[in-house]
Amino acid sequence: MTASFIQAQEASNVVLVIHGGAGTILKENMTPEKEKAYQEKLQEALQAGYVVLKNNGTSTEAVRAAINVMEDSPLFNAGKGAVYTNHETQEMDASIMEGKNKEAGAVAGVSTVKNPIDAALAVMEKSEHVLLIGSGAEKFAKTTGVEMVNPDYFKSERRLKQLKRIQEKEKSELDHDGDRGSVDDKNDGNDDFVLDKKYGTVGAVALDQEGNISAGTSTGGMTNKRYNRVGDSPVIGAGTYADNETCGVSCTGHGEYFIRNVVAYDVCALMNYTNKSVAEATQEVIKKQSQMGGKGGVIALDAEGNMSMPFNTAGMFRGYITKDGEMHVFMYGEK
């Protein structure tokens with residue numbers, strides 16, 4: 001994929017930036033109803049985080065609030081909308097990091113945590129560890145008061161049909177990869193539709209009134225994944241990173257490439273060691289991804305409120321809000 005597909009955007013005085021997945025997101029493949037649903041949910045997530053920041057809350061609290069909104073929506077591949085594994089279960093991952101002190105927490109392969117970002121936050125705040133997985137992570141989350149649910153909470157007919165289509169083709173694919181679905185307006189607007197390579201991971205980066213940056217990422221991972229596969233989202237430095245001296249980063253895309261390129265940390269390192277701006281650093285990292293064949297995007301926010309959201313796919317669900325409450329959301333490749 002060439003650099004011509006990279007779209008970058010930068011704005012100052014931003015306090016919160018979010019993403020809801022990158023991929024073949026094309027306007028001609030969207031119904032007006034579906035487009036509106038995504039726009040409204042992105043706006044709701046931004047507003048939830050902004051209220052926290054406006055009331056002098058921390059960047060970590062704002063990240064959690066924004067991600068919770070997207071985790072609770074079936075539109076995204078995180079929490080309620082998590083995709084199916086090969087065994088018709090959900091295995092979710094999440095991470096969160098604070099730029100002030102480099103504290104971080106993450107969970108992987110959880111199936112009974114309602115909001116995986118909450119479990120990641122509990123690991124950061126209430127344990128001596130950074131990453132917990134599987135049943136151990138679930139046990140820890142329960143003992144620390146994180147809301148737990150029956151695995152049936154995550155089941156959906158739309159996601160199950162998606163899994164079956166992919167299994168019929170006998171290959172693993174990322175969220176919304178594969179056959180073009182059809183929209184049935186009678187089925188509450190949550191059917192699969194034409195987005196043949198959308199990575200629905202969600203993420204947020206926030207800057208609070210104390211100048212502290214936090215970043216978080218949450219995902220359901222890869223549709224039809226096997227062997228307890230884990231991608232970049234719960235890996236600090238790959239899918240999430242935050243440093244008050246440089247920026248906060250959350251990634252979405254093909255996790256194996258983001259792990260191999262340590263993408264989130266690489267953005268911060270470029271800013272630290274070469275004095276690149278957040279826009280320059282993120283664009284350089286996405287170019288590296290393109291050269292390797294890795295698809296996806298990043299969101300990043302620095303301590304001055306400068307933001308960048310480059311990606312090398314047709315589109316990315318994304319948005320930001322400024323300290324004055326000015327809100328913008330985007331879905332396609334528009335500037």
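Guide: Let's start with a term: rings of Phe, Tyr and Trp (its six-membered ring) pair if their centres lie within 6.5 Å, and planes under 30 degrees apart count as stacked, over 60 as edge-to-face and the rest as tilted. A search of the whole structure turns up 6 aromatic pairs. Mind that this is a predicted model, where local features need pLDDT of at least 70, side-chain atom pairs count only at pLDDT 80 or more, and totals for chains, interfaces and linings use all residues. Residues are numbered from 1 along each chain as its sequence is written, and side-chain values use heavy atoms, with hydrogens and water left out.

Visitor: Why is the pair of Y38 and F76 called edge-to-face?

Guide: The ring centres of Y38 and F76 are 5.5 Å apart and the planes stand at 80 degrees, so the pair is edge-to-face.

Visitor: Which parts does that pair tie together?

Guide: Y38 lies in helix α1 (residues 32-54) and F76 in the loop between α2 (59-71) and β3 (92-98), so the pair links parts 38 residues apart in sequence. Helices (H or I, at least four residues) and strands (E, at least two) are DSSP runs, numbered from the N terminus.

Visitor: And what makes F76 and F317 a pair?

Guide: Their centres are 6.4 Å apart and their planes at 85 degrees, so this pair is edge-to-face. F317 sits in strand β13 (residues 315-322), so the pair with F76 ties together parts that are 241 residues apart in sequence. Y38, F76 and F317 form one aromatic cluster.

Visitor: Is F76 buried or exposed?

Guide: Buried means under 20% relative accessible area, exposed over 50%, partly exposed in between (1.4 Å probe, protein chains only). F76 has a relative accessible area of 0%, so F76 is buried. F317, at 0% relative accessibility, counts as buried.

Visitor: How do you know that K80 lies over the face of Y153?

Guide: A charge sits over a ring if NZ of Lys or CZ of Arg is within 6 Å of the ring centre and within 35 degrees of the ring normal. K80 lies over the face of Y153, at 4.3 Å from the ring centre. The charged end of R260 sits over the ring of Y257, 5.0 Å from its centre.

Visitor: What lies 2.5 Å from a polar atom of the side chain of S111?

Guide: The backbone oxygen of Q90 does. S111 itself is in the loop between β4 (104-110) and α3 (116-126).

Note on methods:
Polar contact = N/O pair within 3.5 Å; in protein donor to acceptor, adjacent residues only side chain to side chain.
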